[in-house]
Amino acid sequence: MEVKESKLLGHSNPFESMMSRFDVAAKILGLDEDTYNMLKSPVKQVLVNLPVTMDNGRISVFEGFRVIHNNYMGPGKGGIRFAMDVDLDEVKALAAWMTWKCAVVNVPFGGAKGGVKCDPRKMSKGELERLTRAYTQAMADVFGPEKDIPAPDMGTGQQEMAWLMDEFSRIKGFTNAGVVTGKPLVLGGSKGRVEATGRGVMVTCRAALNKLKINPANATAAVQGFGNVGSISAKLLESQGIKIVAISDISGAYYNANGINVSEAIAYSQANKNSLEGYKNAEKITNDQLLTLDVDVLVPAALQDVITKENAPNIKAKLIVEGANGPTSANADAILKEKGIMIVPDILANAGGVTVSYFEWVQNHQGYYWTEERVNRRADRTMKEAFEQVYQASIKFNVDMRIAAYIVAIDKVASTRKLLGGF
């Protein structure tokens with residue numbers, strides 16, 4: 001399948017990029033045409049306009065999206081992204097990735113995703129609250145603990161989820177904690193949720209290093225992105241003995257061959273308005289240079305399409321663990337495979353977040369909350385089992401780990417659909 005270029009020069013259309021991998025896996029599985037057509041098409045796409053009163057008294061109208069890609073295995077599940085470059089193709093792709101992600105880790109949810117085209121960094125707390133409540137009102141018939149369960153994503157966090165829970169509860173007339181995950185602990189959030197995605201990156205990285213027979217104590221890593229996923233991934237990888245030699249954020253990348261003290265870097269960033277700008281204990285390099293460093297492990301945990309057919313030939317890492325969604329363009333996959341680089345794909349590597357989101361949803365329904373140790377133990381077991389299943393599929397079908405993950409996920413969803421029948 002041809003991967004179309006998007007409006008951003010050199011960046012692939014995210015939905016077409018996802019479908020190119022889907023098509024390869026579907027062909028290997030021998031998926032029939034009827035099932036193929038049902039799995040490729042989103043179940044629901046909702047577009048809304050959201051009028052919001054700004055602090056200056058003027059009304060701005062924001063464009064909002066929600067896509068439920070699939071609900072065969074359970075209610076929709078996926079984050080809400082506040083960003084200026086959000087569009088329907090991106091949300092469709094992210095929703096589809098969530099379908100496969102949930103299936104890979106055996107979480108009984110379908111895939112969904114939402115977004116609002118805005119720049120949260122330029123909005124006040126009051127404006128963000130009014131926008132979040134307007135979005136919730138517009139999606140009140142879409143959301144629900146048994147229908148579609150949102151969560152934080154880029155540009156949103158615990159506070160936005162608290163506002164969403166409150167607005168939805170007001171509309172329905174009773175407190176409904178299970179409508180959203182990623183909430184503050186006091187409102188029914190789960191211990192371990194904030195660290196869950198980064199922890200999943202660490203667990204799958206350890207599993208992959210074991211397959212590659214690389215001792216973590218002798219390994220080096222570069223982590224692109226220093227938000228929640230990147231910073232926690234770096235900290236937890238460091239705790240396993242891996243030397244973190246490079247980190248980065250929007251201000252640039254920072255390299256120290258002797259290793260970076262990740263806890264110190266996190267503290268610096270938090271004290272510097274969540275920016276590494278001016279960090280002195282490392283040499284400043286570019287984000288592009290970070291990607292091609294001579295390290296054992298590369299963790300792209302920032303944006304989509306940072307590894308492309310242009311820079312893939314120069315990547316020296318033996319292992320790529322995808323903390324971000326879609327950091328490797330479809331056009332780069334073949335190049336990396338030819339170079340013998342193992343990739344733990346996004347729909348596996350960063351599935352720790354949705355795994356613990358599921359645990360949060362379960363706890364909300366039970367009204368009983370688990371210890372952090374219990375959450376982590378169950379999440380680690382889930383991630384290890386999912387990694388092993390994907391790894392065995394890669395051997396069975398003689399494919400890379402990404403296509404193997406799609407095979408595992410598509411087979412589960414397709415089998416569920418056939419058993420449900422109804423058409």
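# Reading a predicted chain

Modeller: The chain holds 14 helices and 12 strands. Its radius of gyration is 21 Å, close to the 22 Å that the globule rule gives for 423 residues, so the chain is as compact as a globular protein of that length. The radius is taken over C-alpha atoms, and the globule rule is 2.2 Å times the number of residues to the power 0.38. Helices (H or I, at least four residues) and strands (E, at least two) are DSSP runs, numbered from the N terminus.

Colleague: What kind of model is this, and how are residues numbered?

Modeller: This is a predicted model, with residues numbered from 1 along each chain as its sequence is written. Local features need pLDDT of at least 70 and side-chain atom pairs count only at pLDDT 80 or more, while totals for chains, interfaces and linings use all residues; side-chain values use heavy atoms, with hydrogens and water left out.

Colleague: What share of the residues in the chain is buried?

Modeller: Buried means under 20% relative accessible area, exposed over 50%, and partly exposed in between (1.4 Å probe, protein chains only). Buried residues make up 61% of the 423 residues here.

Colleague: How are contacts read, and what share of those with a separation of 6 or more joins residues 24 or more positions apart?

Modeller: Contact means heavy atoms within 4.5 Å. Of the contacts in the chain with a separation of 6 or more, 67% are between residues 24 or more positions apart.

Colleague: Which residues does UniProt list for "binding site"?

Modeller: The unreviewed UniProt entry lists T197 and N228 under that name. They span 32 residues in sequence, yet no two of their C-alpha atoms are more than 8.4 Å apart, so they gather at one spot. UniProt positions are given in the numbering used here, feature names are shortened, and annotations may be inferred rather than shown by experiment.

Colleague: Which residues of helix α2 are buried?

Modeller: In α2 the buried residues are T35, Y36 and L39. Seen down the axis, they fall within an arc of 105°, so they line one face of the helix. The arc is that of the directions from the helix axis to the C-beta atoms. E33 and D34 are the exposed residues on the face turned away from the buried side of α2. Cover for the buried residues of α2 includes α1, α3 (88-104) and α14.

Colleague: What does D32 do at the N-terminal end of α2?

Modeller: D32 caps that end, with a side-chain oxygen 3.2 Å from the backbone nitrogen of D34. A polar contact of 2.8 Å also joins the side chains of D32 and T35. A polar contact is a pair of N or O atoms within 3.5 Å; within protein, one must be able to donate a hydrogen and the other to accept it, and residues adjacent in sequence count only if both atoms are side-chain atoms.

Colleague: Where do the buried residues of α10 lie around the axis?

Modeller: The buried residues of α10 (residues 330-338) are A330, A332, D333 and L336. They cover an arc of only 130° around the axis, which puts them on the same side of α10. The face turned away from that side carries the exposed residues A334 and E338.
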